[in-house]
Amino acid sequence: MAGTLGALALIGSLLVATPAQALNDTGTGGVFVPSTGRILDTKVGTGGFSTPMEAGKYRTIKVTGLAGLPDDGSVGAVSLNATVGASTGAGTLFGRPNTDTGRTTMLIYSGVSGQYSSNTGTVAVGADGTIQVMTETASRLILDVQGYYTVNTDGTAAGGFVPVAKRIVDTRSGLGAPKAAVAPGKSIDVQITGANGIPAGASAVVVNLIAINGTDADGYLTPYATGGTKPANALHYAPSESTSIQAQVPLSADGKITIANGSTTANVLVDLQGYFTAAGKGGAVFTPAYGRAYDSRATGNTALAENETRSIQIAGTAGVPVMGSGVTAVVLTLIVAHGGSNGYADAWADGTTKPNTSAINFQTSEIQTNTITVPLGANGKISLRNAAKATNYVVDVQGWYINPVAPKISCPKAYAAGTWTNVLPSSDITCTVSMPATGDGSGTLAADVNGHDTVEQDMSATGASTLAFVVHPAPGWYDISATSSYSGGIGGETHYAFGLNNGEPSGLVKAVQTANPEGFEDLANDSTTRAGVAASTPTSSTTEDSAVISTAPSEGVTLSAPAQSTTDPETGSVSTVPASTVALSLPFAAQATAGFVESAGVVSYDNGNRSSTVAVLKSDSSVQVNTVMADATAPTRYAYPLAVPQGATVAQQSDGSVAVTDANGYPLGGIAAAWAKDAAGLDVPTHYELDGSLLTQVITPDAATTFPVVADPYLGINVIDKVKWVSRDKRGKTLYVYPTVWGRSMAGLKYADKAGWAEVVKKAPSANTTNMWWQYKCHAQVAYWKPSWNLDSFLRRSSYEAYTSHLCN
């Protein structure tokens, strides 16, 4: 609400006229998750304190683990309704995450006896799950949770923010509710979704509640999801005036909120400021911040005249991200520094039509505060209109919402995205990654090709950023990934892929390239041949594993790996993954032709029954064994006899993949889950059947299937391609771990955990610590899609679960 301060002097340091100060973000961008509950009441002992706040002294308040907020490191900021009363004088409530971070203005409160002041504030949460709060005078303080923001954009509930400005309820006219003031103990239900530009399924809404109180007693409003339990939250409004109070309210399943009134009779107005999407439905993410963006009393500024509308630059000033970064809206503490008369103010996106809403209401000589959420105009400004005699305003920032911007990738015209080119260039192909201005010189722009050879640079602090990199001219499929990271860790990722052939491929290879272009990533272009061997891992390969594709279908594919050992950093136990050889015979071996080398690393076999086999050798010594069904007369069952070491076990996993383990349960190799696609790119039903060591892929096309159909077992052993230490943070070094194509496809299984970690430690022995192991395990299980699995040597978290909640770092 509006904290009300009659004709009092300006308060403390907050309202001293100062130039705009630097704005600092205090956490990473995240999505909103609604939650309710009281975490502090200094009168009754809630939150561990049963005495009033001491003037000018911070108290540390536990936030996580309470009121529905998780205690696993996933909370980045908390949205609170703060109420101050029983104070010894007027003052300001401040909040911050810790002693090392600047404070944010939560509300200004009055020292009027018996009067309470409320306002919404968003405060970043410290690493220990606490916040710190301080009042300038001795006071009773109540903190009620409205929800929280995750530390990143992978939240599991609720979603990003979408600004909407519209008045939807006015009980004076009957808009959106019965035409009658709301009596004490009564409530109104308000339909939010399905109208007002808000889609069904939205999770929560941001509203400005305006209580028009004609009585000489104060009161309070409590908004909550219709049909839910009424929370203890009390948004206090003042006597004999209009009071504005922002609230973030969860929605019921049918998209409604209930607004309950207590203590006295008042008319209620509801102005929409925006909504939060459902999980996974996009919308802007929030970054908490602190600082002053504007003060009309600062040198060179003037009070806003009666009915004056002033454009105020927000984006690109005082540290707020510039336009082009994706910033869409800001959360502001709007402060009226002595109203020139009874009146109100409007705030909206500059350059757009003014909505029929208000941001704050006030009376003559009062100081009022309200939290508002305002979209930015295309120029990065807000419009602020003063509907009163000349009045000064102060604007402090609590944070901002950004739609993360992904970089753009451009390559020469001859290499269009999603296409194959049959003329191999004679020199490197230069592609470019570009990113619009974000204003964040500490942001990073990175690119890699097939997860290798990452190129990274800092973004420009003043303009657009570009990054050039090359694709070497060799046959295969090239998946270029570009990522941006800025403004507290948000960003986006873009992919651009194309293929290179050294001449026109056969119709058989074309079919496989069309259905499974990714199968030609990291093609073993330098594979060798010899008598009886159509392709094999070259002796120059950096991998210790080896693969042989025989010309004889009965011998098929053989993979071999040396023994490797590692010490578990948690238990100290030594694990040895033994040397192994796993062989896969090809289907219809008795009648199939000998292997034909289509090109380096690509071998085909004609099964003589309208089906063929195309084996593709990768540089990591894994092999994709593609089946091509020419038409509906081709067989639908393809048997692959497996030869494994004595005592080994072949077992199908819950995800459909097949793992080969030794007698002690250590991984020796495996086969990725079955898949099949037709010529139209549609999935064709398929699965594996396992009978001992005989693996059969069953493919079931139907009348709608377009031939040819391509399917494959994908056989591999090696999980990690390479590792390298880099310096990207002043706190210490980071180990970049690059999984093989095979390793990434098997992520989430014990195979990737144990075998992969053994390979990492063998390549980087100093990485064998508990925190590095937890980060590796998290990437292999949860974030396997990342181009590289980056392990920060300087991180110290309490558990594996703490890393998973932080997306592994």
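Let's start with contacts. Take the contacts in the chain between residues at least 6 apart in sequence: 72% of them join residues at least 24 apart. Keep in mind that this is a predicted model.

Now the overall makeup. The chain has 5 helices and 57 strands. It holds 809 residues, and 56% of them are buried. The accessible surface comes to about 29100 Å². Carbon and sulfur atoms account for 52% of that surface.

Strand 13 covers residues 219-225 and strand 16 covers residues 256-262. The two run antiparallel, and 6 bridges join them. For one of these pairings, go to tyrosine 220: its bridge partner in strand 16 is glycine 262.

Next, salt bridges. The count comes to 18.

Pair one is arginine 172 with aspartate 170. Their closest N and O atoms are 2.9 Å apart. Are the two partners buried or exposed? Arginine 172 is partly exposed, at a relative accessible area of 43%. Aspartate 170 is at 8% relative accessibility, so it counts as buried. The cut-off for buried is under 20%.

Pair two is aspartate 631 with arginine 610. Their side chains meet in a salt bridge, 2.9 Å from N to O. Where do they sit? Aspartate 631 is in the loop between strand 45 (623-629) and strand 46 (637-643). Arginine 610 is in the loop between strand 43 (602-606) and strand 44 (611-617). The pair therefore ties together parts that are 21 residues apart in sequence. Both ends count as partly exposed: aspartate 631 has a relative accessible area of 22%, and arginine 610 is at 48% relative accessibility.

Glutamate 689 is at 31% relative accessibility, so it counts as partly exposed. Arginine 637, at 42%, is partly exposed as well.

And the network. Arg38, Asp41, Arg140 and Asp144 are linked together by salt bridges.

Last topic: the nonpolar cores. In soluble globular proteins, nonpolar side chains tend to be buried together. The largest nonpolar core in this model has 54 residues. Which members touch the most others? Ile480 and Phe498 do.

Zoom in on isoleucine 480. Leave out residues up to four places away in sequence. Among the residues that isoleucine 480 then touches are Ile409, Cys411, Cys431, Val449, Phe469, Val471, Tyr496 and Phe498. The contact list also includes Asp448, Thr494 and His495.

There is a second, separate core. It has 37 residues, including Ala534, Ala615, Ala676 and Val684.

To wrap up: 57 strands, 18 salt bridges, and a largest nonpolar core of 54 residues.

Notes
Residues are numbered from 1 along each chain as its sequence is written. This is a predicted model: local features need pLDDT of at least 70, side-chain atom pairs count only at pLDDT 80 or more; totals for chains, interfaces and linings use all residues. Side-chain values use heavy atoms; hydrogens and water are left out. Two strands pair if DSSP finds at least two bridges between them. Helices (H or I, at least four residues) and strands (E, at least two) are DSSP runs, numbered from the N terminus. A salt bridge is a side-chain nitrogen of Lys or Arg within 4 Å of a carboxyl oxygen of Asp or Glu. Buried means under 20% relative accessible area, exposed over 50%, partly exposed in between (1.4 Å probe, protein chains only). A nonpolar core is a set of buried Ala, Val, Leu, Ile, Met, Phe, Trp, Tyr and Cys residues joined through side-chain atoms within 4.5 Å. Contact means heavy atoms within 4.5 Å. Accessible areas come from the Shrake-Rupley method with a 1.4 Å probe; for residues, only the protein chains shown count as cover.
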